[in-house]
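Dear colleague,

I am passing a structure on to you, and below it you will find my notes on what came out of it. Please read them with the structure open beside you.

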Amino acid sequence: MRFADYLLLTLRSLRRSRLRSFLTISAIVVGATGVTVMLTFVTSVKNFVTQQYVQTGQIDQIQVSETPNLTYSPTGSSNGPGPQGVGNTSTLTPALEAQIAALPHVTGVAAIAQGFGSQDLAYLSYGGHELNFNNLSAYEPDGVITPTLVAGRDLGPTDTANAILVSSDYADALGFKGSYAKLVGQTVELHTDTGYTGVGATLPSVLPPQSQCNPTQGPQPGSSGPTCGPTASLPAIDLPAVVVGVMSAASDHGVIYLPLSWAIAIGNTALPAGSGIVSCGPGTRQTCPDTGQNQGQNQGQNQGQNQSGQAPGSPQIVTWTTQTATQFLAQRGGYGSLIVKVDGTDHVAAVATSIDHLGVSAATGIDALNQQKQKANAIGLILGSLGLVALFIAALGVMNTMVMSVFERTREIGVMRALGARRSTIRRLFTFEATALGFFGGLFGVIIGSVFVLAAKNVISKSVKSGSLSGANFSVPIWLIVVVIAGTSAIGLLSGFFPARRAARLDPVEALRYE
Amino acid sequence: MAIGGITLTGVTRTFQVGDEEFHALDRVNLSIDRGAFVAVMGPSGSGKSTLANIIGGLDRPTAGSVVVEGEDLAKLGDAALSRFRNKAIGFVFQSFNLKGDSTSLENVMLPLTFARMRPKQRKARATACLERVGLGDRLHHLPNQLSGGQRQRVAIARALATEPALIIADEPTGNLDSARGAEIIAMLGALNADGVTLLVITHDSAVAGHADRVVEVVDGTVREGSAG
Ligand SMILES: Nc1ncnc2c1ncn2[C@@H]1O[C@H](COP(=O)(O)OP(=O)(O)OP(=O)(O)O)[C@@H](O)[C@H]1O
Ligand SMILES: [Mg+2]
């Protein structure tokens, strides 16, 4: 018999027992709809997450952080020697950064620091608005880190100072909601604390009298702005900063980024040392050779030695000393983290292993992505197996329907055999019928599932404006349509196997005598 | 015994009934010439249908050989035997056995479908067969839209469709009144006149009166009956 004839006879017999066919197909539709919706959800989420990782470049990135040292050390050092002899600590130093940059397949390394500068800055002001620093971070603008922008440009290598990126919620708060491009190029002021002695500060050669504080308590390095001490009375200043770009708040909430070099210059505050006589250039920021040992801690002592005749509270002549960037970094425990860019996703794992061997922790974007994918898979597995259970029950339904059909049509089978149908023809006829039940179940399931997905898409896009899934593209992928229909057809085929074999094995004479 | 006819030699058909064996046919020897019109008569349960099914290739004998139209049926597998039924035999049943969901035309096309004939040819042939049994105006009627006599005519057209050498009719008039039955027998007689070998099982001696030869089956054995 020809294929078209099988098709015709199958459709005819499905139509003959309409209600039964409808019910059997409905059971498959339920399972197929479930599987379609659930797998669409899972694949859409996975695609969306992957797309985000690829777009932001995280897929080819490794985040390097300090390996926490859990061993108690009586000297109080929080950082023990690195296992591979990287310097003498495992902190993220410029030396380590250079070492990583030299690894094969590494195309760039950018340092990130959090907290540099934020101890010295009070608030951001622009056009009468005064805003807190919620999350003030700094990174090396060497092209490795590429924030998602909604306006303007990323920080670049030429932005060594007086440039910032703000997230769009800052832009909203500054009155640029919906017109982020207008904020780009505007100059905002970063208002420092009083007593600020970082970059841009005017350092006097004579400190004003300080009677309100114990003179032996100078500002501790790294402590938050001096509330007392010799520099406490220095005025706060405004550091101008040009907004070069606005970032999407979907990925960065309440964030301001500074170029790393500027953040270091702001945080690396100058320290006064009273000399009484000697001053190596008032208002200059330099390390004075003769007072190089004079740090804030022993300032009181110096004062006692050199200016014994001077009463506390009277003006004193000071020299200003500033650490080098490397000293500053070492004192602050290195960078917060390093972002390493690799020249291909395939090399990420190997580079991460090499970095691990340097005594620091490497977390790859791929690992993070895979974790997210695994989560999606786990959800998909749970939901999908519910669909599979439904499909399994539907398969029993198909089997039942086919067994009934063979019983009912026993006599017809006998007639067909008498007219020249082979056993194989009879078997194929019933197999075809069962497969058709599965096929139509899958087809309608995919159609109904797509309608559900479409409806869900509208609901999600209306209710979740800035949620993490707002950008996900929920649509039933073509492969899923093919897989579902092929799958339900296969279920029909398998369910029809035994009934069809039974039909084919009927004895023609017995079948003709069947009442 | 002409080549192309039917030759049964020592045909036995045994059924297992409980612990005992029951011989529905017992060492039957029978020859039927090509083009003959043979009426098979005998009491109920004597083995007439069993004989007809064995000749038609629907059933296989427990012992003995069956040669129909030069084919030794014992040597044919399922595919070949099915093909033999399709090409060489036309069955007509007492209860018509039409496909209820299909029109007259579709019922007649069914054996041609099994023969893998092209749809166009199939339709032309089936239409011709239906015209021949006088149902040229009932091509698209469903069986339940036809009278009993018309249904049996559709069944005859279906049996004719593949142009078989032998038509086996098992009590074709059993479900019809005598006038309709006479029409059917006349129609089968006309086919026989055109050269088709005809084997008609019947209880009706009037039907047997049309036959060239009457074969009587009694308790599984065959003997020559009194021709009408
Ligand atoms: N499958 C079977 N199992 C057991 N016995 C059977 C089987 N088929 C037929 N028989 C027996 O074989 C005998 C012949 O049956 P068959 O149908 O050939 O009779 P028949 O002559 O056609 O009778 P009728 O005129 O009533 O149609 C019967 O006695 C029947 O009981
Ligand atoms: Mg009988």
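Rings of Phe, Tyr and Trp (for Trp, the six-membered ring) are taken as a pair if their centres lie within 6.5 Å, and a pair is stacked with planes under 30 degrees apart, edge-to-face with planes over 60 degrees apart, and tilted for the rest. By that rule A:Phe3, A:Tyr6 and A:Phe432 form one aromatic cluster.

Before going further, please keep in mind that this is a predicted model, in which local features need pLDDT of at least 70 and side-chain atom pairs count only at pLDDT 80 or more, while totals for chains, interfaces and linings use all residues. Residues are numbered from 1 along each chain as its sequence is written, chains are lettered from A and ligands numbered from 1 in the order in which they are written, and side-chain values use heavy atoms, with hydrogens and water left out.

Aromatic pairs

Over all chains, the structure holds 8 aromatic pairs. One of them joins A:Phe439 and A:Phe440, whose ring centres are 5.4 Å apart and whose planes stand at 75 degrees, so the pair is edge-to-face. For burial I use relative accessible area, where buried means under 20%, exposed over 50%, and partly exposed in between, with a 1.4 Å probe and protein chains only. On that scale A:Phe439 is partly exposed at 34%, and A:Phe440 is also partly exposed, at 22%. Another pair is B:Phe91 with B:Phe93, where the centres are 5.9 Å apart and the planes at 10 degrees, so these rings are stacked. Here B:Phe91 is buried, with a relative accessible area of 3%, and B:Phe93 is buried as well, at 10%.

Strands and sheets

Helices (H or I, at least four residues) and strands (E, at least two) are DSSP runs, numbered from the N terminus, and two strands are said to pair if DSSP finds at least two bridges between them.

In chain B, strand β8 (residues 197-201) has 5 of its 5 residues buried, so this strand is largely enclosed by the rest of the structure. B:Thr197, B:Leu199 and B:Ile201 point one way from β8(B), and B:Leu198 and B:Val200 point the other way. Strand β3 (residues 37-41) of chain B pairs with β8(B) in the parallel sense over 4 bridges, with B:Leu199 as the bridge partner of B:Val38. Strand β7 (residues 166-170) of chain B also pairs with β8(B) in the parallel sense, over 5 bridges, and there B:Leu198 is the bridge partner of B:Ile167. The chain runs from β7(B) through helix α6 (residues 178-193) of chain B to β8(B) in a right-handed β-α-β crossover, a term that applies if, with the strands pointing away from the viewer, the path from the first strand over the helix to the second runs clockwise.

Chain B also has an open sheet of 4 strands with antiparallel pairing, in the order β2-β1-β4-β5. Its edges are β2 (20-32) and β5 (71-72), each with a single partner strand, so one side of each is left without a neighbour in the sheet. Strand β1 (residues 6-17) of chain B pairs with β2(B) over 9 bridges in the antiparallel sense, and B:Thr14 stands opposite B:His23 in β2(B).

Strand β1 (residues 61-66) of chain A pairs with β15(A) in the antiparallel sense over 5 bridges, and the bridge partner of A:Glu66 is A:Val360.

Helix α11 and backbone angles

Of the 9 residues of helix α11 (residues 410-418) of chain A, 8 are buried, so this helix is largely enclosed by the rest of the structure. Among the buried residues are A:Glu412 and A:Arg417. After α11(A) comes A:Gly420, with a positive phi near 115 degrees.

Most residues other than glycine have a negative phi. B:Arg116, however, has a positive phi near 60 degrees; this residue lies in the loop between α3 (104-114) and α4 (119-132) of chain B and is partly exposed, at 47%. B:Asp219 likewise has a positive phi, of about 50 degrees, and is found in the loop between β9 (213-218) and β10 (221-224) of chain B, where its relative accessibility of 66% counts as exposed.

With best regards
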